[in-house]
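Please study the sequence and the structure shown here before reading the briefing. The notes are grouped by topic.

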Amino acid sequence: MSKPRTLFEKVWDAHLVRPETPETPAVLYIDLHLIHEVTSPQAFTELRQRGLRVRRPDKTLGTMDHSTPTTPRNHLGIIPVIDPMAISQLEQLRKNCAEFGIPLFELGDENQGIVHVIGPEQGLTQPGMTIVCGDSHTSTHGAFGALAFGIGTSEVGHVLATQCLLQRKPKTCAVRIDGRLGLGVTAKDIILALIAKYGVGGGTGYVFEYMGEAIRALSMEERMTICNMSIEGGARAGMVAPDDTTFEYMAGRPFAPKGADFEAAVARWRTLPSDEGAVFDHELTLSASELKPMITYGTNPGMGIPIDAPVPRPEDMPDPRSRAALDKALAYMGLEPGKPLLGHPVDVVFIGSCTNSRLSDLRQAAQFFRGRKVAPGVRVMVVPGSQQVKRAAEAEGLDRIFKEAGAEWREAGCSACLGMNDDKVPPGKYAVSTSNRNFEGRQGPGARTMLASPLTAAATAVTGVVTDPRTLLN
Amino acid sequence: MQPIATITGKAVVLPVENIDTDQIIPARFLKVTDKSGLAAGLFEAWRYLPDGTPNPDFPLNRPEAAGATILISGRNFGCGSSREHAPWALQDYGFRAVIAPSFADIFRSNALKIGLLPVTIEQTIYDELVAMYASDPQMTLTVDLAAQTVTLPNGRQVNFPIDAFSKYCLLHGVDQLGFLLSQADAIAAYEASHPQPVKTTG
């Protein structure tokens, strides 16, 4: 009988072109390489300089998402790009994909969207695969039981040229989340609570496997929200064992296997979950039943609190280093220690990003906008993760609910998550954002970001102040 | 890539933990399609005041930091985004090594690929370096890659870990893509014996 293996180990072993030795890292085969305009141009330059081709354009897909505007289409149905640097970057991606035969979902295409939204919705993301992209939130795809992680541009070049990466085997960490979520508490609150508990470096060197009753009860979109922010806990990848929820989501998607092939694939996928008795290098735990909606007060995603808690006080910190970090964060955020965040005025609400821009996120947010108005003086951006999400939301009238409430309904893209396109939070202004990073300046120079769930963001949008979504639920 | 043997140079301390790659280089500087000029965006929000003038309090702007080639920072350096622009910008500014109690995984991997040496030291050694820098902001260090040591200003040597393969590549100025390309036969054999789960070209 062979040694029991974890989900990660099964996927890792199945992709070894060469196992690691003390002298050399493993050569790991990559099943799917997603590329976008920001982290790929220099890799293509490298290829050209060395006279190399793309080894497997049929395992590569491009999309435009980061530097793209999300402004509504003009009268010709075109999303206008005004920033000359964005134009050049998008043009470069177009040229690179055409020259090397890589399929591309261009800005405005019916399938275009945030790279981590389109992979799953197209059925490209499948259990047991290895998936990489020059983007740290590639961890999202781990929700399907894939080993998926972000890489740098040098590595983008490696995968383009060889379809492989040189990797040292990471350690494994079981993240057990038991119990049931209460009303108004979501997957986003699970991951914010986990990072608040274990810190932004807690997962460094590990691949997380999320497990337990609370994870099993989540939909695929909710699992993606959790895996997405694994990197915010320091883990390069996060995985969830595939189950019936996964297979139901996969069925019928454009790139998913069909008919008998699908049945055969499901049979294979059922062998992926960690074996009974498989050993993890480390374990973290969290009880879902005790969670409240979470919100961040500081300048990294680990600086989060239950929404009804006061902002921590530096004098309560355990050591001088965390005191200094808290002092610096509160100075940037302009927040007073010991005071509650509830009731704090907000200038911008952003609902979107690869963390929370899928149809279920928009549905959750819409329930608070229905029959209500955006609070005076608050700018609300609702940005679907893909053109497909946008169409699906419009088909059920969500766009009308947002627009009638006074929110902006925009085109698909990364938008205000990262301050590299026109969607930004102005200096000194407060945003409640469903994105993944509250770093200084992340949403624009001087922007003050509070991360929260779509429910909390929507509740805040209609009241104009940080609001516990449970107070608006009937 | 230039081979690295030893790096002897002036150090500058940025005593902050969890410095994320958005601080190292904000996303609005990522619209370039090459690697040139990224030093202009390095720590941009900390280096400059809102009116665009240099922030005199920022360690890199102090006169004694001019020409520093070694950056010392708090734990979990380079967390967040996978942007390789972060090590590119540090290198473009003139840094050849970063010393910290720990590094985020993707940053470390990116830095090793381009010959910016990530040097992991014990937290206590970091604390000592911060104290030494406070009394001598001109302090110089020597990082010896072959010996895997950092020589402190007081002459004491401390060891740092690095995996054998990265060390070999850095010492010889070999890039890792060359090694991968040499694996073409093994890669072809793998492809021949494994079905393709998805085909993006339809």
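Predicted model: local features only at pLDDT ≥ 70, side-chain atom pairs only at ≥ 80, totals over all residues.

Chain A contributes 65 residues to the contact between the chains, and chain B contributes 47 residues. Two open sheets of chain A are described below, one with the strand order S5-S4-S3-S6-S7 and one with the order S17-S16-S15-S18-S19. In chain B, attention falls on strand S2 with its covered faces and on the packing of helix H3 against helix H4.

- The side of chain A that touches chain B draws two or more residues from each of several elements, including strand S1 (16-18), strand S2 (26-29), helix H2 (41-50), helix H3 (84-100) and helix H11 (320-333) of chain A.
- Helix H5 (153-162) of chain A is also one of these elements, and H5(A) gives the most, with six residues.
- By residue class, this side of chain A consists of 26 nonpolar, 27 polar and twelve charged residues.

**The sheet S5-S4-S3-S6-S7 of chain A**

- Five strands of chain A form this open sheet, and their pairing is parallel.
- Strand S5 (104-105) and strand S7 (147-150) of chain A are the edge strands; each has a single partner strand, so one side of each has no neighbour in the sheet.
- Strand S3 (residues 32-35) and strand S6 (residues 130-133) of chain A run parallel and are joined by three bridges.
- Within this pair, A:His33 lies opposite A:Val132 in S6(A).

- A:Thr39 is located in the loop between S3 and H2 of chain A.
- Is A:Thr39 buried or exposed? A:Thr39 is buried, because 24 other C-beta atoms lie within 10 Å and the cut-off for a buried residue is 20 or more.
- A:Thr39 and A:Gly134 are 95 residues apart along the chain, yet their C-alpha atoms are separated by 5.6 Å.
- Beyond residues up to four places away in sequence, A:Thr39 touches A:Gly134, A:Asp135, A:Thr153 and A:Val156, together with B:Arg83 of chain B.

**The sheet S17-S16-S15-S18-S19 of chain A**

- This open sheet has five strands, paired in parallel.
- Strand S17 (408-409) and strand S19 (448-451) of chain A stand at its edges; each has a single partner strand, so one side of each is left without a neighbour in the sheet.
- Strand S18 (residues 430-433) of chain A pairs with S19(A) in the parallel sense over four bridges.
- A:Tyr430 has A:Arg448 as its bridge partner in S19(A).

- The loop between S18 and S19 of chain A contains A:Gly444.
- A:Gly444 is buried, with 23 other C-beta atoms within 10 Å.
- Which residues does A:Gly444 contact, leaving aside its neighbours within four places in sequence? They are A:Gly419, A:Lys424, A:Val425 and A:Pro426.
- From A:Gly444 to A:Pro426 the C-alpha to C-alpha distance is 6.5 Å, and the two are 18 residues apart in sequence.

**Strand S2 of chain B and its partners**

- Strand S2 (residues 70-73) of chain B is covered on both faces: B:Ile70 and B:Ile72 are buried on one side, and B:Leu71 and B:Ser73 are buried on the other.
- Strand S1 (residues 6-14) of chain B runs parallel to S2(B), and four bridges join the two.
- Across this pairing, B:Leu14 is opposite B:Ser73 in S2(B).
- S2(B) also pairs in the parallel sense with strand S3 (residues 97-100) of chain B, over three bridges.
- Here B:Leu71 is opposite B:Val98 in S3(B).

**Helix H3 of chain B and its surroundings**

- Helix H3 (residues 85-93) and helix H4 (residues 105-114) of chain B pack at an angle of about 50°, and their axes are 9 Å apart.
- H3(B) is therefore oblique to H4(B), and the crossing is right-handed.
- B:Ala86, B:Pro87, B:Trp88 and B:Gln91 in H3(B) meet B:Phe107, B:Asn110, B:Ala111 and B:Ile114 in H4(B).
- The residues of this helix contact comprise six nonpolar, two polar and no charged.
- The buried residues of H3(B) are B:His85, B:Ala86, B:Pro87, B:Trp88, B:Ala89 and B:Leu90.
- Their cover includes helix H1 (21-24), S2, S3 and H4 of chain B.
- Just after H3(B), B:Gly94 has a positive phi of about 125°.

Note on methods: Residues numbered from 1 in each chain as written. Chains lettered and ligands numbered in written order. Contact = placed C-beta atoms within 7 Å. Nonpolar A, V, L, I, M, F, W, Y, C, P; charged D, E, K, R; others polar. Pairing = 2+ DSSP bridges. Axes fitted to C-alpha atoms, helices over the stretch in contact; angles between N-to-C directions. Parallel < 35°, antiparallel > 145°, perpendicular 65-115°, else oblique. Left-handed = near helix turned anticlockwise from the far one by under 90°. Buried ≥ 20, exposed ≤ 12 C-beta atoms within 10 Å, placed from the backbone.
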